[in-house]
Amino acid sequence: MEARDATAGAFVRREGDDQTAKDQHKAPKREQTPTRSKMEQIFGFKKEDLTSWHSFVALLNRPTDPASLGIFRCLFGLLMVIDITQERGLSNLDFKYLDGAPVCRFPLFNFLQPLPLDWMYLVYVVMFLGASGIMLGCFYRLSCLMFLSTYWYIFFLDKTAWNNHSYLYGLIGFQLTLMDGNRYWSIDGLWRPSIRNAHVPLWNYTLLRAQIFIVYFIAGVKKLDADWVEGYSMSYLAHHWLFDPFKLILPVELVSLLVVHGGGLILDLTAGYLLFFDVTRPYAFFFVSYFHCMNSQLFSIGMFPYAMLATSPLFCYPDWPRNFFAHFPSFLRPVLPLTSPGSQHSPSCVYEEIQGSDTQQRQTPAAAKSSKLRLKHKLGAIFTVLYLMEQFFLPYSHFITQGYNNWTNGLYGYSWDMMVHSRSHQHVKITYKDRKTGETGYLNPGVFTQSRRWKDHGDMLKQYATCLHQYLPRYNISDPEIYFDIWVSINERFQQRIFDPRVDIVRAEWSPFKPNKWLMPLLVDLSPWRPKFQEIEGSLDNQTEIVFIADFPGLHLENFVSEDLGNTSIQVLQGQVNVEIVEEKKNYTLQPGEQIKVAAGAYHKVYTVSEGPSCYMYVYVNTTEAALQKNFTKLYEIQERVRNGTETEPLPPELQPLMAADDDEGSEVNATDPIVRLFLKRQRRMKEVKKRREAGMLERLQRFAVKKYYTIRRGILMTAIAMRNLAVGLPPLEQLTREVAYANMKEPQAEASQDERLKDEVGHAEL
C-alpha cells in the first residue's frame, strides 16, 4: 500500500485522494486544493460536513471504491458456506433435531418449532445457496435474503447454540443485504455492465467498520470486569501449549494474569482504534492476526477467527485490492478482480460538483454534474445512524429484558462479553413429585435434551421444566412438580446454588421483562476467598482433591459419597453447619476450623444453621484411581526391566502381554488381566497422543483435510437423501438404512481409535 503523509480516515475517506495528491503539481497554483485541516487529515472529512443534515447525508453517500467491499463479500460468503456444514450443523442435522423423538427444545419464541427433518435439510439448502450466491455475487439481493431468512430462523430456533460470533454473522448478513456488495468481482457485474465496478456509498464501509469496532471495543469494556482484571475468568488457558514461549520467562500465574487476561483486555480496547489509522494499522494487523490465529487453536469457535481476519482489510483504503492484484501475472487477469483505477457513476452515491482542473475532471468524468439528495440517500443515512445507536445500546439493554438476567446479564450472544465468565457444575439434581399420588423421584439431568446450557439460564430452565411436565405423564407421572438443585461455580468462586431448589419451576412465574424471583444471588462477598483456595490447593498432594461449597441459611445439601472416594472429610471455613449422617441418624454441629469425616458409600446432609451463608470444603482421595495408578507404576517398572534385560525372573502368564506390547502396536490388546489390559490401552493411547503432537505440518494438514472431508461428505450425502425423499418419497427401509450407513462411513483409522478411547488423564492432557 502506498505511503501517505496524512493518517487514514477512520470511518470515512475521500475517493481519489491519492491521485489528486499525485497530480497537484500539474495544476495551476490558483487551482490547487486548499490545505486540508487537521481533522480532515485524520478522519477524512471536514467539520463542515457535520454542520447540517444535508452535508451529513452527502458525506455518508460519498462515492467510494467498491473493491474492498467486493472482496469482503466474497470472503464472507465463502466462510458462511463452510460454516453451514460445520457450526450450523448440516453434517449432523439428523442428530441435532432427532425427528420424531421426544426432545425438549429452547427456541427464543415458544411458537417456533423445527420442520420435519427432510424439510430442515431443505432450509439448509436454501441457506447454502444464499451463502454461495453472496460469495459469487450472483443474484445478490435474492441470495442475501435466502441466507438471511433461513439463518435467523435457525438462530432463533435454538438459544442453547447462541454465541457472539453467530450473532455477528447474522448482523453482517443483514448489512450486506442493504449494501451494494455486488459492484466488484461479481457475476451480477458480468451480466449487468451498468453496475460493474460502480461506486458504492460511503455508509457501506462506515457500517461495517463501525460494527467491527463495536465488537472489539465493547468486548474490551466488558473485560473491565473485576474477575477478568484479576485473572480468574480464563486462568486455565495459561496451561495451553500456545503459551509455552511466554512460560520461558514468566511463571504460569503471570502468564495468565498478564498475557491471557491483560493482553486480551488491551487488544480488545485498542484494536478498533489502531485499525483505523495508517500509522498504527500495520501493528494492529500483526497483533489482531496473531490473536485470532491463537483463538482458532484455543477454542472450538468455527469460522469466527477467519471471519474477523477477513474484516481487517475493510479498514484499509477501499482500493487496496486493485493495488494488490495488479502485482499478479498478466495471464491471470481474466479471472482476477479488476485492477484498473477509477469506478463508474452510481445512482446510490451523491457526487459533488467539480469545478477544478482538467486533471480532476478526467479522474471522475461521471461526477461532473451535481446529484441531488434522493430518498434512498436519506434513508441510507438514517439507517446508519439508527443501526449504530442500537448496536451501542443493545449490550446494555438488560434493564429492559430482566427476565433473561441471571448471574450474568441477558441472553448470552449479543452483549460481546466473550470469554468473560467460565463455569463449572459440581452437582445437578432434578426432583419430580406426582401431585396426585405424592410420589417423588429423580430424573437424570439432561433427560429429553442434548443441551447443557439450561443449567445456567432461568428462561431455559423454565422451558425445560415445562417440557418435562408435558412428557412425564407418558411414564405414569401425573401433573408433576419439577424442582432443580443446581450448583455452579463461576470464575473460580465457591460452588453454590443458582436457583432456589424449593420452587416448583413448572408453576413458577417468569416474564422476560421482570426479575427472576427464584434466582439465588451470587455470593460476591465471598470472592476474596479465591486466593485462599489457591493456597489450600497448593498445599495438597497430587492424589487429594478438594471442592469448595457455599450455601444459604435454611438450606441443606444432600450428598452421597462414592465408594471410590476414601478419606472424605468436611471442614468448615465460615458460618455454622449441621452434618446429619443419614444411616446413623446422628447430627454434628461444626464451627469454623472444625472438620468431620464422612463414610464412603453412604448419604449425609449438610445444613446451614448460621444467620449468614456457610462456607465449607470437601477434601477427599479417589482411592480407586490411586490404587490404579500404583498398579500402573508397578507394571511400567516391570516393563522397563524386561526391555532393559534386567528382569531375572520369568513373568507370570497374566503379565506376558507386557513383553509383546512393542511388537504388536497395530494389533488388538489381548490380555486376560483387566489391569494389564487397561495399562496397555493407556500406553497405546499415550503413544497416539505423542505421535499426533509431534506430527509435521504436512501430516497435520492431511489429518485436518481428511476429517473435514468426511464431515462435509456426510452433510452432502444426507442432504441428497433428504431432497430425494421430498421429491419422490421415502424408499424402502432397507435401502434407506444402506444409504445412511454409506453416508456415515468414516476413516478406518478414526473408527479404530474411537473404539479404544479412554476416559483418563491422557484425554484431558490432549485437550
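Reader: How many residues does helix α8 have, and what does it reach from its first C-alpha to its last?

Author: Keep in mind that this is a predicted model. An α-helix has 3.6 residues a turn, so residues three or four places apart point the same way. Now the case here. Helix α8 covers residues 164-178, which makes 15 residues. The reach is 22 Å, close to the 21 Å expected at 1.5 Å a residue.

Reader: How many of the residues in α8 are buried?

Author: Burial is judged by relative accessible area, with buried meaning under 20%. In α8, 13 of the 15 residues are buried. The helix is mostly covered.

Reader: Next, cysteines. How many disulfides does the structure hold?

Author: Look for paired sulfur atoms. The structure holds one disulfide. Cys104 and Cys467 form it, with their sulfur atoms 2.0 Å apart.

Reader: Which parts of the chain does the pair link?

Author: Distant ones, 363 residues apart. Cys104 sits in the loop between α5 (93-97) and α6 (117-136). Cys467 belongs to helix α19, residues 458-471.

Reader: Is the link of Cys104 and Cys467 left-handed or right-handed?

Author: Read the angle about the S-S bond. That angle is -85°, and the link is left-handed.

Reader: Why does Cys104 count as buried?

Author: Because its relative accessibility is 3%.

Reader: What about Cys138 and Cys316, buried or exposed?

Author: Cys138 counts as buried because its relative accessibility is 16%. Cys316 is also buried, at 7% relative accessible area.

Technical notes
Residues are numbered from 1 along each chain as its sequence is written. This is a predicted model: local features need pLDDT of at least 70, side-chain atom pairs count only at pLDDT 80 or more; totals for chains, interfaces and linings use all residues. Side-chain values use heavy atoms; hydrogens and water are left out. Helices (H or I, at least four residues) and strands (E, at least two) are DSSP runs, numbered from the N terminus. The expected span of a helix is 1.5 Å times one less than its number of residues. Buried means under 20% relative accessible area, exposed over 50%, partly exposed in between (1.4 Å probe, protein chains only). A disulfide is a pair of cysteine sulfur atoms within 2.5 Å.
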